[in-house]
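Please open the structure in your viewer and keep the selection tool at hand.

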Amino acid sequence: MGPHSSAATAMPEHIQARVEACYQQAEAFFKRSFQRAEVSFKLRGQKAGVAHLTENKLRFNPQLYRENREDFLRQTVPHEVAHLIAHQLFGPRIQPHGEEWQLIMRGVYELPPNRCHSYEVQRRQVSRFIYRCGCPEAEFPFSSQRHTLVGKGRRYYCRRCKVTLRFSGEQRLE
Ligand SMILES: [Zn+2]
Ligand SMILES: [Zn+2]
């Protein structure tokens, strides 16, 4: 067996072992069990890892792992596992890198809770409806619920110019 093939087969095992160790640390800390995630290595691009909260899945980027193994095992794996632990403990309404996740990073893994942009969580995006008034540059991103209320006759006003807010036709995902 050449060095390339052994490196390729060793890769998922190291990550798998680190994932399992992270779960065991969390279980010892919180004195409860956590459902294990399904782990895959089919992530490409900028992100080192992604935690799929509702599906309880972790995806890691084999290319980025090869480029920076030590940091990947020390930081990336616990970062992503902590998202799933936070989700199991606190439910879906928490901020991805909020205090619950930070508590796990600091308390359980004794790591700085760095939110690197390359470690982003895949969140469900929400649609915003952009409303405007008479003020230059002012915009009011409405939720779809509020946009529906406007459709039913509800009016909203700008506090500054007192003009009724009107839907600009623009929508965006946040
Ligand atoms: Zn994250
Ligand atoms: Zn205004």
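Helices, at least four residues in length, and strands, at least two, are DSSP runs numbered from the N terminus. The model on display is predicted.

**First stop: the end of H5.** Select residues 144-151, which form helix H5. Zero of its eight residues are buried, so the helix lies largely in the open.

**Second stop: H3 and H4.** Select helix H3, residues 69-90, together with helix H4, residues 99-108. Their axes come within 9 Å and cross at roughly 125°, which makes H3 oblique to H4. The crossing of H3 past H4 is right-handed.

Which residues of the two helices meet here? On the H3 side, select Ala82, His83, Ile85, Ala86, Leu89 and Phe90; their partners in H4 are Glu100, Trp101, Ile104 and Met105. Sorted by class, this contact consists of eight nonpolar residues, one polar and one charged.

The largest nonpolar core contains 23 residues. Select Val19, Val77, Val81, Ala82, Leu84, Ile85 and Ile104, the residues with the most contacts inside that core. Two or more core residues come from each of helix H1 (3-30), strand S3 (57-60), helix H2 (62-67), H3 and H4. H3 gives the most, with seven residues.

**Last stop: Val77.** Centre the view on Val77 and display Ile15, Arg18, Val19, Cys22 and Phe72 around it.

Methods
Residues are numbered from 1 along each chain as its sequence is written. Chains are lettered from A and ligands numbered from 1 in the order in which they are written. This is a predicted model: local features need pLDDT of at least 70, side-chain atom pairs count only at pLDDT 80 or more; totals for chains, interfaces and linings use all residues. Axes are lines fitted to C-alpha atoms, for helices over the stretch in contact, and angles run from 0 to 180 degrees between N-to-C directions. Angles under 35 degrees count as roughly parallel, over 145 as roughly antiparallel, 65 to 115 as roughly perpendicular and the rest as oblique. A crossing is left-handed if the near helix is turned anticlockwise from the far one by less than a right angle, and right-handed if clockwise. Two residues are in contact if their C-beta atoms, placed from the backbone, lie within 7 Å. Ala, Val, Leu, Ile, Met, Phe, Trp, Tyr, Cys and Pro count as nonpolar, Asp, Glu, Lys and Arg as charged, and the others, Gly among them, as polar. A nonpolar core is a set of buried Ala, Val, Leu, Ile, Met, Phe, Trp, Tyr and Cys residues joined through C-beta atoms within 7 Å. A residue is buried if 20 or more other C-beta atoms lie within 10 Å of its own, exposed if 12 or fewer, and partly exposed in between; C-beta atoms are placed from the backbone. Lists of a residue's contacts leave out its neighbours within four places in sequence.
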